[in-house]
Amino acid sequence: MTEQEVRRYLRQMKEENSERAFHSFYNLCYDRLFRIACYFVKHEEWAQEIVLDVFMKLWEQRARLPEVNNIEDYCFILTKNASLNYLEKENRHPTLSSEQLPEVSGQADSPEDTLISEELFARYVKALDRLPERCREVFIRLREEKQSYAQVAEELNISTKTVDAQLQKALTRLKEALLTE
């Protein structure tokens, strides 16, 4: 996601009430925000609901979005807060049985540990977004969706050696990005 591209969509959303620009912004940001929500709630259905709520809020706030200095961080914070609020609501009024709720560690993390974990995750998501499209797709399928090399190769119509090469490229770039920021 390029800053100029995002800024253009935000201006169009504000000045023209452009649903087309909003749709493009949605397509550009959805996967990233979905991964963030999944990280916090650990349920795909919940994450989808959360991200849709975040986009509703973004549309409602479209007049103020161009003034936001760092829209990437703003969306991250909105999604994180919406995820935590959703978890709190679900824990107060569970709609699922207790064994279906996300596991909560018996040992509470310190505020410093929580902050470090969230900062590291934010850096990971930014680094993942900066990967070339095919490289990112291979990495997500292998590491986040737990697909096999053969599945990924077949679905993307590439060889398993290419899958491995793309994974190695992704790991190298992610490592560099996380260690240098």
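1. Some ground rules. Residues are numbered from 1 along each chain as its sequence is written, and side-chain values use heavy atoms, with hydrogens and water left out. As the model is predicted, local features need pLDDT of at least 70 and side-chain atom pairs count only at pLDDT 80 or more, while totals for chains, interfaces and linings use all residues.

2. Take helix α7, residues 149-156 (helices are DSSP runs of H or I, at least four residues, numbered from the N terminus). Val 152, Ala 153 and Leu 156 are buried here (under 20% relative accessible area, 1.4 Å probe, protein chains only). Down the axis of α7, the buried residues fall within an arc of 100 degrees, so they line one face of the helix (the arc uses directions from the helix axis to the C-beta atoms). They pack against α6 (133-144) and α8 (160-180). Just after α7, Asn 157 has a positive phi of about 60 degrees.

3. Now α6 and α8: they pack at about 95 degrees, axes 8 Å apart (axes are lines fitted to C-alpha atoms over the stretch in contact, and angles run from 0 to 180 degrees between N-to-C directions). That makes α6 roughly perpendicular to α8 (65 to 115 degrees). Among the contact residues are Phe 139 of α6 and Leu 167 of α8.

4. Finally, Val 54 sits in helix α3, residues 44-60, and is buried, at 3% relative accessible area. Leaving aside residues up to four places away in sequence, Val 54 touches Leu 33, Leu 78, Thr 79 and Ala 82 (contact means heavy atoms within 4.5 Å).

Key. Buried means under 20% relative accessible area, exposed over 50%, partly exposed in between (1.4 Å probe, protein chains only). Helices (H or I, at least four residues) and strands (E, at least two) are DSSP runs, numbered from the N terminus. Angles under 35 degrees count as roughly parallel, over 145 as roughly antiparallel, 65 to 115 as roughly perpendicular and the rest as oblique.
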